[in-house]
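Please take a look at this protein chain.

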Amino acid sequence: MKDNLKKRLRMKKTAIQVAKLFDIPTDVMSNLPTIQLFGDRKIIFEGVKSVAEYGTERIAMASGKLKISVSGKELDIRYIDDKSAVIEGKINAVELERRRKNDTD
């Protein structure tokens with residue numbers, strides 16, 4: 001268990017060093033989801049893995065350790081592929097929830 005943790009820490013440190021060397025934002029190298037919000041009508045997710053919940057008043061996307069939920073009215077997924085999604089509608093709230101280790105996508 002300790003060896004696995006040490007290996008992950010070394011990999012993370014190496015990724016940060018590579019990001020600095022090539023002037024790449026560290027969030028890109030750390031495999032974190034990116035969220036762009038355009039007013040209260042459109043949201044773009046990068047780094048999503050699956051749709052966890054879908055309805056006209058709530059859409060949730062799974063992304064590794066985070067579940068990202070959008071609440072509102074007339075919500076619709078306008079575009080989705082294996083890494084990104086675009087949601088449009090009347091957005092009231094965006095919520096981030098840290099997922100437990102045993103949750104699946």
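The report below covers the model, the fold, the core and the surface.

## Model and conventions

This is a predicted model, in which local features need pLDDT of at least 70 and side-chain atom pairs count only at pLDDT 80 or more, while totals for chains, interfaces and linings use all residues. Residues are numbered from 1 along each chain as its sequence is written, and side-chain values use heavy atoms, with hydrogens and water left out.

## Fold

The protein has two helices and six strands. From the N terminus, the order is α-α-β-β-β-β-β-β. Helices (H or I, at least four residues) and strands (E, at least two) are DSSP runs, numbered from the N terminus.

Of the 105 residues in the protein, 25% are buried. Buried means under 20% relative accessible area, exposed means over 50%, and partly exposed lies in between (1.4 Å probe, protein chains only).

## Core

The largest nonpolar core has twelve residues: Ile43, Phe45, Val48, Ile59, Met61, Ile68, Val70, Leu75, Ile77, Ala85, Ile87 and Ile91. Strand 2 (42-46), strand 4, strand 5 and strand 6 (84-98) each give two or more residues to this core. Strand 5 gives the most, with four. A nonpolar core is a set of buried Ala, Val, Leu, Ile, Met, Phe, Trp, Tyr and Cys residues joined through side-chain atoms within 4.5 Å.

Ile59 sits in strand 4. Its relative accessibility is 0%, so Ile59 counts as buried. Ile59 and Val94 are 35 residues apart in sequence, and their C-alpha atoms are 9.8 Å apart in space.

## Surface patches

Arg8, Lys12, Lys65 and Arg98 gather in a surface patch of positive charge. Lys65 lies in the loop between strand 4 (58-63) and strand 5 (66-80). Lys65 is exposed, at 62% relative accessible area. Lys and Arg count as positive, Asp and Glu as negative; His and the chain ends are not counted. A charge is placed at NZ of Lys, CZ of Arg, CG of Asp or CD of Glu.

Val18, Leu21, Phe22 and Ile24 make a nonpolar surface patch of about 380 Å². Phe22 is in the loop between helix 1 (2-21) and helix 2 (26-29), and is exposed at 57% relative accessible area. Patch residues have over 30% relative accessible area and no salt bridge; like charges are joined within 9 Å, nonpolar side chains (Val, Leu, Ile, Met, Phe, Trp, Tyr) within 5 Å. A salt bridge puts a side-chain nitrogen of Lys or Arg within 4 Å of a carboxyl oxygen of Asp or Glu. Areas come from the Shrake-Rupley method with a 1.4 Å probe; for residues, only the protein chains shown count as cover.

## Backbone at Glu74

Glu74 belongs to strand 5. Glu74 is not a glycine, yet has a positive phi of about 55°. Glu74 is exposed, with 55% relative accessible area.
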